[in-house]
Amino acid sequence: MTLRLISGTFYNNFTKNLTILKNKSLVSNMSTGDGVVQSIIRNKLTDSFEPTDLEVINESYKHNVPKGAEKHFKVIIVSERFQNVPSLLNRHRMVNDVLKDELAGAVHALSITAKTPDEWQTDKLKNYETPKCLGGINK
């Protein structure tokens, strides 16, 4: 087992989010296979966007990371909050802003599909496959 020094800011944000997670009884998500970081992401997006559909998928297993890592995620989120935000870039910024603590620490990569309910009805059968990992620094 390798121990790493975690910066104070990351540790404080992580423990704060873990406390929120426990207080909101989201530990039950762990029984569905969600890890701690995945549950925090799900909780924050649910609280901020009240989505009609939400998928938070840990894709770390597709990458060169230790088994059980929570570093690479795909989010598919459908919310009325995107109704008056036609720019995909601005929708991504909205999601990134909610997850800024995780993106500054635990999360290395985040793939986002952000749709309105009307767009989702038209697009939900599309394949939102994440591109294959090219190996990062270990090519």
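Among contacts in the protein chain between residues at least 6 apart in sequence, what percentage join residues at least 24 apart? The figure is 56%, where a contact means heavy atoms within 4.5 Å. The structure is a predicted model, in which local features need pLDDT of at least 70 and side-chain atom pairs count only at pLDDT 80 or more, whereas totals for chains, interfaces and linings use all residues. Residues are numbered from 1 along each chain as its sequence is written, and side-chain values use heavy atoms, with hydrogens and water left out.

The protein chain holds five helices and three strands, taken as DSSP runs numbered from the N terminus (helices H or I, at least four residues; strands E, at least two). Along the sequence these follow the pattern α-α-β-β-α-α-β-α. Of its 139 residues, 37% count as buried, with buried meaning under 20% relative accessible area, exposed over 50%, and partly exposed in between (1.4 Å probe, protein chains only). The accessible surface comes to about 9000 Å², and carbon and sulfur atoms contribute 54% of it; these areas come from the Shrake-Rupley method with a 1.4 Å probe, and for residues only the protein chains shown count as cover.

We can turn next to the sheet. Strands of a sheet pair through backbone hydrogen bonds, either parallel or antiparallel. Here the three strands form an open sheet in the order β1-β2-β3, with mixed pairing; two strands are taken to pair if DSSP finds at least two bridges between them. Because β1 (53–58) and β3 (109–115) stand at the edges with a single partner strand each, one side of each is left without a neighbour in the sheet. From one strand to the next, the twist averages 10°. Six bridges join β1 to β2 (residues 72–78) in the antiparallel sense; along this pairing, I57 stands opposite K74 of β2, and E55 has I76 as its bridge partner.

Seven of its seven residues are buried, so β2 is largely enclosed by the rest of the structure. From this strand, H72, K74, I76 and V78 point one way, while F73, V75 and I77 point the other way.

The helices complete the picture. Helix α2 (residues 36–49) lies across β1 and β2 and runs at about 160° to β1; axes are lines fitted to C-alpha atoms, for helices over the stretch in contact, and angles run from 0 to 180 degrees between N-to-C directions. Helix α3 (residues 88–98) also packs on the sheet, where it touches β2 and β3, and its direction makes about 120° with that of β3.

Within α3, the residues R91, V95 and V98 are buried. They cover an arc of only 60° around the axis, which puts them on the same side of α3; the arc is that of the directions from the helix axis to the C-beta atoms. Among the elements that cover the buried residues of α3 are α2, β2, α4 (100–103), β3 and α5 (117–123). At the N-terminal end, α3 is capped by S87, which has a side-chain oxygen 3.3 Å from the backbone nitrogen of L89.

Finally, D47 lies in helix α2 and counts as partly exposed, at 43% relative accessibility. Its C-alpha atom is separated by 9.7 Å from that of V98, although D47 and V98 are 51 residues apart along the chain.

Technical notes. Polar contact = N/O pair within 3.5 Å; in protein donor to acceptor, adjacent residues only side chain to side chain.
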